[in-house]
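Grab the viewer and a pencil.

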Amino acid sequence: MCLIGVSIGVGADKLSATFGSRLTRRSLQFMSGVGPAMILVYLSSLASASSSGDGTMFLSPAFLFGSAQTISAVSLGAVSVSHLEVATPSKAGAVYALGNVFAAISGSITVTLFGFFLDKDYGQQVATTASDFSLPFQIVALLSAVGSIYYSLSIESD
């Protein structure tokens, strides 16, 4: 994660110097949300998570899910670089804090919500199949894409 984070930060700085910070931040946030969303929609359409059907590692659900997580790290070059570029100095701390609070809240709520969706017998432990993850993957994909598109269109604007 350290190597990916540093690489994204250095790359974002170089892109910002060439294309400007606004276009760089918007583009990276768009890619970090829409790219993984597309992969999650594809994964939610698979009939079985145990095999990709064609035997290649690069199309296996585990590889694709890992790729989605890695692509989402591109947001480090968009949102996480400097909140002073997103908000005025007097509000940058609040923007940073709200971002972290909402991420923590959504992570806590989402785990419980998905457990509810996946628990077919309302309280009894049951084995889950790949198709059970279709709805959670689609919800995460939708929220990721919508949030990233909104951010990429609204950063540094009123």
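Start with the contacts, meaning heavy atoms within 4.5 Å. In the protein chain, 69% of the contacts with a separation of 6 or more are between residues 24 or more positions apart. Before you go on, note that this is a predicted model: local features need pLDDT of at least 70, side-chain atom pairs count only at pLDDT 80 or more, and totals for chains, interfaces and linings use all residues. Residues are numbered from 1 along each chain as its sequence is written, and side-chain values use heavy atoms, with hydrogens and water left out.

**Exercise 1.** Work out how many helices and strands the protein chain has, and what share of its residues is buried.

*Solution.* Step one: count the elements. Helices (H or I, at least four residues) and strands (E, at least two) are DSSP runs, numbered from the N terminus.

Step two: check burial. Buried means under 20% relative accessible area, exposed over 50%, and partly exposed in between (1.4 Å probe, protein chains only). By that rule, 30% of the 158 residues are buried.

**Exercise 2.** Describe how α1 and α2 pack, and say which residues meet.

*Solution.* Two packed helices are described by the angle between their axes and the distance between the axes. Axes are lines fitted to C-alpha atoms, for helices over the stretch in contact, and angles run from 0 to 180 degrees between N-to-C directions.

Step one: get the geometry. Helix α1 (residues 2-19) and helix α2 (residues 21-45) have axes 7 Å apart, at an angle of about 130 degrees.

Step two: classify it. Angles under 35 degrees count as roughly parallel, over 145 as roughly antiparallel, 65 to 115 as roughly perpendicular and the rest as oblique. So α1 and α2 are oblique to each other.

Step three: list the partners. From α1 come A12, L15, S16 and F19, and they meet S21, L23, T24, R25 and L28 of α2. By class, that contact has 5 nonpolar, 3 polar and 1 charged. (Ala, Val, Leu, Ile, Met, Phe, Trp, Tyr, Cys and Pro count as nonpolar, Asp, Glu, Lys and Arg as charged, and the others, Gly among them, as polar.)

**Exercise 3.** Now take α2 with α3, then α2 with α5, and find how each pair is oriented.

*Solution.* Step one: α2 with α3. Their axes come within 8 Å and cross at roughly 165 degrees, so the pair is roughly antiparallel. The crossing is left-handed, which means that the near helix is turned anticlockwise from the far one by less than a right angle (clockwise would be right-handed). Residues in this contact include I39, L40 and L43 of α2, and L64, F65 and A68 of α3. The tally is 11 nonpolar, 4 polar and no charged.

Step two: α2 with α5. These axes also come within 8 Å, with a crossing of roughly 165 degrees. The two helices are therefore roughly antiparallel, and their crossing is left-handed. This contact holds 13 nonpolar, 10 polar and 2 charged residues.

**Exercise 4.** Find the largest nonpolar core and say which element gives it the largest share.

*Solution.* Step one: know the rule. A nonpolar core is a set of buried Ala, Val, Leu, Ile, Met, Phe, Trp, Tyr and Cys residues joined through side-chain atoms within 4.5 Å.

Step two: collect the members. There are 11 residues in the largest one: V34, A37, I39, L40, L43, L46, L64, A68, F137, A141 and A145. Two or more residues each come from α2, α3 (61-72) and α5 (134-154), and α2 gives the largest share, 5 residues.

Step three: zoom in on A145. Leaving out residues up to four places away in sequence, A145 touches G33, V34 and A37.

**Exercise 5.** Are M38 and V74 buried or exposed?

*Solution.* Step one: M38 sits in helix α2. Its relative accessible area is 57%, so M38 is exposed.

Step two: V74 is in the loop between α3 and α4 (89-118). Its relative accessible area is 18%, so V74 is buried. Beyond four places in sequence, V74 touches I8, L28, M31 and S32.
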